[in-house]
Amino acid sequence: MGRDISRSGKVKCKTVIRELTNYMEGRLSEPLQSAIEDHIKSCRDCSAQMETTRKMLHLVGDEQAWLNALERHVLKKPAATSEDAAHKKEL
Amino acid sequence: MASANTPTICQGCEVTVLKQEADPFPPEEIMTVVERAKEGDVDAFWRLVEPFQQCLYVTAYSMLRNAGDAEEVVQETMLKALKHLDQLKDGHRFRGWLMTIATNEARMIMRKGMKEVSFEDDAEWDPKIFSLRDYADWKDVPSDALERKEVWEAVHRAMQSLSPACREVFVLRDVQHFTVPEVADILAINEDKVSVRLHRARLQMRDLLAPLFREPLSPWIPMKMMADMSAIMIHRLVSCKKVLREISSYIDGEVNPDLRARIEEHLKYCRRCKLVLNTTRKILYLVADDKVLIPPFAIKGRQIPH
Ligand SMILES: [Zn+2]
């Protein structure tokens, strides 16, 4: 991990992208976690990498939205309804 | 591997899903209910698992993308949970424990469908695909966009393109919001492996879904407006041609009340005619026709449409 950080405490974009998930999950140990935080603050590309990942996660991460979408796209399908209802009753 | 100190019931699920149906038991009560269920109180067991049905279904469906298979996973999970209840040692782990059973069931169905499904191989992935690009113009897509068919389809196509190993990690972490240690526990793999797969899954999902975030989605006409639209259709919407022909009479307040109402209705929905109307008004002021030079608010006793 030591060689990811330069003597002046900087990291390369390559390292940020490679560690992005670990960084977002707070899994990195210091000083790498802070070095990446600083890098992202000043690098447009890397901050866009993180923001776009966040936007994607926001889209897929809402369980209520999933349930509503399932209702709309899957469970309300005419062909599946009666069968699904029967299954539900069995449960 | 055991994570007794990490709460297994996720915040998101508790708030958004469980409130809809039965309230889940607090973790400390779960073991008491489990004891009752073990003694043959099946009713207690159903009350225990019922709140988790929906999140099990979401998990199974997002892994398999098939309603019948997802139902099967939920049912099998319930039955196996009942059968193996004595293996549950920690009430805090209950949701994760159910999820382990569900994941195994989903894997079995996936294996049936394909000759060889690997949940171990982390090799075939080329990080070069995800080079730096300009992502600056990405817009927000709200999660209720999932209700739109094209978004739903795109998300599922993207998820199906993940390797099964990456997909299950992604669903557990980013859809169900288990923590990385919890996912490791559920899948019985180490946390680093979870993180590696999660990283691939996220970048791959993001890049595959890029078109949703970059291209303008077709306008999402709210239901209310759709209803208004059909009401207007029935009431014989006045045509653009007619509006344009009558526009100066309209500005001068010289059209009859019926036509005026219909033109106004039209202008609510037709941006083009509205634009023409506004431009015409401006031009009329500019050409200094003394009839319209007086600002409308100064005119008393004469109705000026705005
Ligand atoms: Zn950078």
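Author: In sequence, the residues that donate to the zinc ion follow the spacing C-x25-H-x3-C-x2-C. In this predicted model, the donors are A:C13 through SG, A:H39 through NE2, A:C43 through SG and A:C46 through SG, at 2.0 to 2.3 Å from the zinc ion. The angles among the 4 donor atoms run from 101 to 112°, and the site is tetrahedral.

Chain A also has a backbone feature to note. The peptide bond from A:E30 to A:P31 is cis, its omega being near 5°. A:P31 sits in the loop between α1 (13-24) and α2 (32-42) of chain A. B:R65 is placed in the loop between α4 and α5 of chain B. As background, most residues other than glycine have a negative phi, and most peptide bonds are trans.

Next comes the contact of the two chains. Chain B contributes 60 residues to the contact and chain A contributes 39 residues. The size of an interface is often given as the accessible area lost when the parts come together. Between chain B and chain A the buried area is about 4500 Å², and carbon and sulfur atoms give 62% of it.

As for polar pairs, 17 residue pairs are in polar contact between chain B and chain A, with both residues at pLDDT 80 or more. On the side of chain B that touches chain A, two or more residues each come from α1 (11-18), α4 (53-64), α5 (67-83), α7 (149-161), α8 (164-175) and α10 (191-214) of chain B. Of these elements, α10(B) gives the most, with 12 residues. Sorted by class, this side of chain B has 32 nonpolar, 13 polar and 15 charged residues.

Between chain B and chain A there are 5 salt bridges. One salt bridge joins the side chains of B:R202 and A:E25, with N to O at 2.7 Å. Over all chains the count comes to 19 salt bridges.

A further salt bridge pairs two residues of chain B: B:K80 and B:E76, whose closest N and O atoms are 3.9 Å apart. The two are separated by about one helical turn, because B:K80 and B:E76 are 4 residues apart in helix α5 of chain B. The cut-off for a salt bridge is 4 Å, and the 3.9 Å of B:K80 and B:E76 is counted as one.

Note on methods. Residues numbered from 1 in each chain as written. Chains lettered and ligands numbered in written order. Predicted model: local features only at pLDDT ≥ 70, side-chain atom pairs only at ≥ 80, totals over all residues. Heavy atoms only, no water. Contact = heavy atoms within 4.5 Å. Buried area = accessible area lost by both parts, 1.4 Å probe. Polar contact = N/O pair within 3.5 Å; in protein donor to acceptor, adjacent residues only side chain to side chain. Nonpolar A, V, L, I, M, F, W, Y, C, P; charged D, E, K, R; others polar. Donors = N, O, S within 2.8 Å, 3.2 Å for Na, K, Ca; no water. Tetrahedral: all angles 85-135°; square planar, octahedral: opposite > 155°, others 65-115°.
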